[in-house]
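Please keep the structure in view while reading.

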Amino acid sequence: MSTSTAMVTEPGALDSLLAALALPPGSSAPTQPHWLKALRAQALERVSTLTLPSTHDEAWRFTPLAAFARQSFHPLRTPTTLQPDDIAHLHIAEATTRLVFVDGVHAPQLSSVKPDAALAVGTLAAMLSTHAATLQAHLGQQVAGHGAFFAALNTAFLQDAAVLVVPPDSSLGAPVHLLFISTQPEVASHPRLLLVVGAAAKATVIEDYVALIEGTNFTNAVAEVVVGANAQLEHVRLQRESKQGFHMASCAVSLAAASRYHSVNIALGGQISRLDLKVTQTFDGSECTLDGLALIDGEQLADTHTFIDHAKPHGTSRQLHKCIVGGTAHAVFNGQVMVRPGAQKTDSAQSSRNLLLSSRAQVDTQPQLEIFADDVKCTHGATVGQLDSDEVFYLQSRGLSERVARNLLTYAFGAEVINRIPVASLRQQLEQTVLEQTTGQP
Amino acid sequence: MIIENSPTLLEVRGLCASVNGTDILKGLNFTVKRGEVHAIMGPNGSGKSTFAKVLAGHTAYQVTGGEVLFEGKNLLEMAPELRARAGVFLAFQYPIEIPGVGNSQFLRLAYNTVQAERGKEELDPLEFDDLVREKMKLLEMSPEFLERSVNEGFSGGEKKRNEILQMALLEPSLAILDETDSGLDIDALRVVSQGVNHLANKDNAIVLVTHYQRLLNYIVPDFVHVMSAGRIIRTGGKELALELEERGYDWIEAEAEAAGAVA
């Protein structure tokens with residue numbers, strides 16, 4: 001090794017990300033309105049006062065970022081040109097509207113947006129010209145102060161976004177597929193999503209992160225979701241990044257009176273992945289159902305932090321979070337439920353179920369109930385265990401090998417969550433994925 | 001049916017087994033020939049169900065002595081799935097519920113695994129669907145049970161029918177039915193028994209493990225064995241079951257004890 005090489009020190013993740021922020025925007029970057037520039041400037045200021053979270057931070061206690069901090073990332077230099085055929089296997093049959101971003105950049109040739117009175121969907125630039133007031137009212141509002149470092153970093157980088165606005169009283173006939181594809185190692189992308197569902201409207205949205213490579217890319221996603229009074233949203237979040245990649249995500253949801261929100265979060269990829277999901281019931285009588293599944297093995301780490309904020313009375317929340325952990329992988333679940341003073345008649349139930357497939361797999365699960373109202377019903381439960389030997393024997397007694405029996409039971413454990421996805425073809429696709437991952441063969 | 005010169009299917013000699021260090025089976029002898037129907041009766045705790053599970057290969061039980069030959073091969077050396085593929089079938093007293101695994105998917109997987117082992121044709125989902133629906137008619141089961149998860153939310157009777165459905169699909173040469181009559185009402189008992197009788201033939205054998213004589217009105221045994229304290233202490237014909245129904249087990253245990261004392 002030559003001396004000169006040894007003296008070169010690779011910039012770590014933080015330095016490389018901040019260096020990218022200092023770059024002037026490309027000449028093709030659209031001019032942004034004043035409020036958006038201000039929003040980004042604030043975020044930039046916030047980022048500069050923050051440091052990368054460490055295990056000394058309570059919210060990151062089980063999630064060391066050392067492997068992430070050692071990496072160096074850079075902004076996209078040469079965009080990857082994908083042909084529609086390259087992503088055909090990612091299409092979801094039911095979704096007629098598809099908005100595709102490749103390494104953080106909108107890819108119109110891969111997207112399919114049909115004019116629809118019941119839906120306005122497009123990139124930030126396009127939507128700024130038609131929905132400026134809505135964007136200004138909501139962009140950056142839900143994640144303010146939440147998700148701290150990574151969310152602020154995303155906002156500081158805010159150039160483009162997927163924006164979906166469902167006007168009041170509209171009902172989407174088909175799910176909308178928002179597809180964020182990673183194709184290059186070491187590239188940092190900061191996908192941004194804003195979903196605004198008007199009063200009494202109904203929609204199903206699939207937020208889908210997928211890597212076409214095995215590499216150490218970094219996806220730093222933020223989704224802001226606003227559900228109007230009496231509106232209903234089905235939100236599927238699918239994280240199928242590279243197993244070497246890094247995925248940090250914040251999703252903040254605000255629920256108006258008597259609205260209903262159902263999310264299914266599936267985490268499959270990432271060397272380190274993290275989801276901060278916050279749901280706030282801002283008015284009376286809203287309902288949320290949060291279902292989650294992390295299926296990891298090898299040396300993966302998947303962390304899910306959820307925060308359900310019952311800020312108003314008569315709210316309901318239901319949560320089922322499952323982890324299937326193999327190898328030396330590590331799953332973290334922290335489920336905070338806050339019942340604020342005055343949020344009477346809150347009805348909340350949380351369940352964390354964890355399956356360890358090896359003796360070195362690890363789960364840290366932590367329910368966190370904070371109740372400041374007296375007339376409420378809140379339950380929670382957590383289990384961590386291995387496969388039931390009676391179930392394994394039952395299947396063996398029908399001729400299945402022990403391996404197949406264990407795989408089938410593991411698959412079934414995950415299928416309970418997958419079956420809650422309201423899109424049939426996606427359910428089938430994921431069942432196949434889980435089957436392949438648990439059996440190691442199609 | 002008892003068939004003259006029928007080949008021996010199962011030969012159990014001096015079988016001893018324990019669970020968590022407690023001896024349950026203490027030198028059990030038992031022989032089954034093709035075509036025969038055997039009933040094993042006995043009081044609670046006599047080791048009937050343990051015997052059934054040991055034959056199927058449940059790992060919670062340790063075999064501490066004796067031997068078991070199935071079609072002349074050492075059954076105890078075989079993993080549970082190999083026993084199943086070789087033709088041993090246990091209908092569980094408490095069939096396991098498996099949420100998330102479709103019954104139809106499970107039945108086809110088991111069927112194809114056993115078919116492959118026997119060098120027979122595996123069926124695709126459509127072909128299998130035809131076959132399983134035909135077999136379900138025998139047990140008066142609604143096809144909706146194919147759509148549900150394995151045994152999940154099934155009533156006691158439905159679970160037992162599902163067990164016999166598996167027997168009908170896997171066509172074992174030795175079927176061991178562990179307390180299949182427990183929890184069944186009279187109609188379900190009739191249907192399940194008819195199913196079992198339909199499946200019995202000159203090449204296979206059935207071992208009924210039961211507490212009550214009631215089942216034996218429907219599935220008539222060629223032999224009735226009484227188990228006590230881990231051994232078979234009396235073997236007779238079907239009339240022995242009636243006698244047990246009338247007089248209980250005490251007298252027979254007392255007689256066995258007396259005989260043991262004399263010997």
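The points below are grouped by topic. The model is predicted. Chain A and chain B are in contact with each other, and the domain assignment of chain A gives two parts, domain 1 and domain 2.

**The sheet and helix of chain B**

- Chain B holds an open sheet of four strands, ordered β2-β1-β4-β5, with antiparallel pairing.
- At the edges of this sheet lie β2 (22–33) and β5 (73–74) of chain B, each of which pairs on one side only.
- Strand β1 (residues 8–19) of chain B runs antiparallel to β2(B), and nine bridges join the two.
- Within chain B, S18(B) is placed opposite D23(B), a residue of β2(B).
- Helix α1 (residues 48–56) of chain B lies across β1, β2 and β4 (62–70) of that chain, and runs at about 70° to β2(B).

**The contact between the chains**

- The contact between the chains involves 17 residues of chain A and 19 residues of chain B.
- On the side of chain A that touches chain B, α8 (389–396) and α9 (402–418) of chain A each supply at least two residues.
- Helix α9(A) gives the largest share of that side, namely seven residues.
- By class, the side of chain A that touches chain B consists of eight nonpolar, four polar and five charged residues.

**The helix pair α8 and α9 of chain A**

- The axes of α8(A) and α9(A) come within 9 Å and cross at roughly 125°.
- The two helices, α8(A) and α9(A), are therefore oblique to each other.
- The crossing in which α8(A) passes α9(A) is right-handed.
- From α8(A), the residues E391(A), V392(A), L395(A) and Q396(A) meet E402(A), A405(A), R406(A), L408(A) and L409(A) of α9(A).
- This contact of α8(A) with α9(A) has five nonpolar, one polar and three charged residues.

**The domains of chain A**

- In the domain assignment of chain A, domain 1 covers 32–283 and domain 2 covers 390–442.
- The centres of domain 1 and domain 2 of chain A, taken over C-alpha atoms, are separated by 30 Å.
- Eleven residues from domain 1 of chain A and nine residues from domain 2 of chain A take part in the contact between these domains.
- On the side of domain 1 of chain A that touches domain 2, β8 (202–211), β10 (232–240) and β12 (260–267) of chain A each supply at least two residues.
- The residues on that side of domain 1 of chain A divide into eight nonpolar, one polar and two charged.

Technical notes. Residues are numbered from 1 along each chain as its sequence is written. Chains are lettered from A and ligands numbered from 1 in the order in which they are written. This is a predicted model: local features need pLDDT of at least 70, side-chain atom pairs count only at pLDDT 80 or more; totals for chains, interfaces and linings use all residues. Two strands pair if DSSP finds at least two bridges between them. Two residues are in contact if their C-beta atoms, placed from the backbone, lie within 7 Å. Axes are lines fitted to C-alpha atoms, for helices over the stretch in contact, and angles run from 0 to 180 degrees between N-to-C directions. Ala, Val, Leu, Ile, Met, Phe, Trp, Tyr, Cys and Pro count as nonpolar, Asp, Glu, Lys and Arg as charged, and the others, Gly among them, as polar. Angles under 35 degrees count as roughly parallel, over 145 as roughly antiparallel, 65 to 115 as roughly perpendicular and the rest as oblique. A crossing is left-handed if the near helix is turned anticlockwise from the far one by less than a right angle, and right-handed if clockwise. Domain bounds come from an automatic or database domain assignment.
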